[in-house]
Amino acid sequence: MTSTRMLTRRDSYKQTDAKFALLGARNVGKSAIAVRFLTKRFIGEYDSSQDSTYQFNSTIDEEQVNLEIIDPGPESRNEQTVGSRAIWADGLILVYSITDRKSFEEIQHLHNLIDPFKQKTVVIIFGNKSDLEHKRQVPEKEAASLAEKLQCSFFEGSASEGHTKISEAFHELYKEVAKRKKERKVSLSPRPLRNALGKVFRRNSSKNLLLSPSGALIT
Ligand SMILES: Nc1nc2c(ncn2[C@@H]2O[C@H](COP(=O)(O)OP(=O)(O)O)[C@@H](O)[C@H]2O)c(=O)[nH]1
Ligand SMILES: [Mg+2]
């Protein structure tokens with residue numbers, strides 16, 4: 001279960017646990033998805049003239065987490081902006097509308113721009129407006145196989161119909177981000193570093209080479 005509330009002034013010193021950004025073509029429902037996750041409500045019309053940043057507290061798997069989400073304005077799909085979003089964010093949600101084939105084609109383009117940052121940033125794909133089945137232009141199977149090819153999790157849902165799928169997508173994204181952060185911490189901890197150095201030392205000593213205190217080879 002997720003509960004959300006806006007950060008108060010007193011909360012603002014708290015560290016952010018995860019930073020997310022939504023990306024996608026215009027009118028696919030990025031703002032509707034962000035607002036749905038935050039408030040569980042669907043308003044219908046959203047101001048998409050500029051970037052909106054939300055900081056809030058959410059409960060994920062009984063853990064209180066501080067999240068920051070950027071819902072971008074209209075001019076945010078060029079290479080530079082997408083690149084800087086990918087550097088800033090721990091997780092990205094690529095959104096298309098199932099009623100708009102062009103917005104689906106843009107997913108591959110956005111993914112190409114993000115690809116250099118995928119070691120650091122978790123990416124998922126969300127097909128929105130699934131309530132408009134009669135206007136569907138993108139088969140769910142086709143989107144699922146693109147997601148598989150791009151090695152991203154895939155969700156289809158509707159911001160207008162309910163919050164379940166949207167919460168599910170954000171939760172999965174958070175869990176993957178938290179897992180990656182943990183793995184990164186472990187890989188930087190002293191023990192694996194000692195093990196790695198030990199291996200180098202053993203490998204070099206078996207060849208009768210010596211390492212100076214600075215780690216340089218003495219031959
Ligand atoms: N039927 C339907 N309309 C939606 C859904 N999500 C968003 N919309 C509508 O699509 C339009 C664009 O949504 P918006 O969130 O502003 O798109 P953005 O430009 O990607 O931020 C608005 O009129 C929304 O009410 C959805 O899941 N189903
Ligand atoms: Mg918007």
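A residue is buried if 20 or more other C-beta atoms lie within 10 Å of its own, exposed if 12 or fewer, and partly exposed in between, with C-beta atoms placed from the backbone. The views show a predicted model, in which local features need pLDDT of at least 70, side-chain atom pairs count only at pLDDT 80 or more, and totals for chains, interfaces and linings use all residues. Residues are numbered from 1 along each chain as its sequence is written; chains are lettered from A and ligands numbered from 1 in the order in which they are written.

**View 1. Phe37 in helix H1.** Phe37 lies in helix H1; helices (H or I, at least four residues) and strands (E, at least two) are DSSP runs numbered from the N terminus. Phe37 counts as buried because it has 25 C-beta neighbours inside 10 Å. Beyond its neighbours within four places in sequence, Phe37 contacts His163, Ile166, Ser167 and Phe170; contact means C-beta atoms, placed from the backbone, within 7 Å. Gly162 is 125 residues from Phe37 along the chain, yet their C-alpha atoms are separated by 9.7 Å.

**View 2. The shell around ligand 1.** Ligand 1 is surrounded by 18 residues, where a residue is near if its C-beta atom, placed from the backbone, lies within 6 Å. Gly29, Lys30, Ser31, Ala32 and Ser160 are the closest. Helix H1 (residues 30-39) gives the largest share, three residues. The shell holds five nonpolar, eight polar and five charged residues. Here Ala, Val, Leu, Ile, Met, Phe, Trp, Tyr, Cys and Pro count as nonpolar, Asp, Glu, Lys and Arg as charged, and the others, Gly among them, as polar.

**View 3. The largest nonpolar core.** This core has 47 residues. A nonpolar core is a set of buried Ala, Val, Leu, Ile, Met, Phe, Trp, Tyr and Cys residues joined through C-beta atoms within 7 Å. Leu173 is among the residues with the most contacts inside it. Apart from neighbours within four places in sequence, Leu173 touches Phe20, Gly91, Ile93, Val122 and Ile124 by the contact criterion.

**View 4. The loop between E3 and E4.** Asp61 sits between strand E3 (52-60) and strand E4 (63-71). Asp61 is not a glycine, but has a positive phi of about 50°. Glu62, in the loop between E3 and E4, has a positive phi of about 65°. Asp61 is exposed, with 11 other C-beta atoms within 10 Å. Glu62 is exposed because it has 6 C-beta neighbours inside 10 Å.

Terms used. Two residues are in contact if their C-beta atoms, placed from the backbone, lie within 7 Å.
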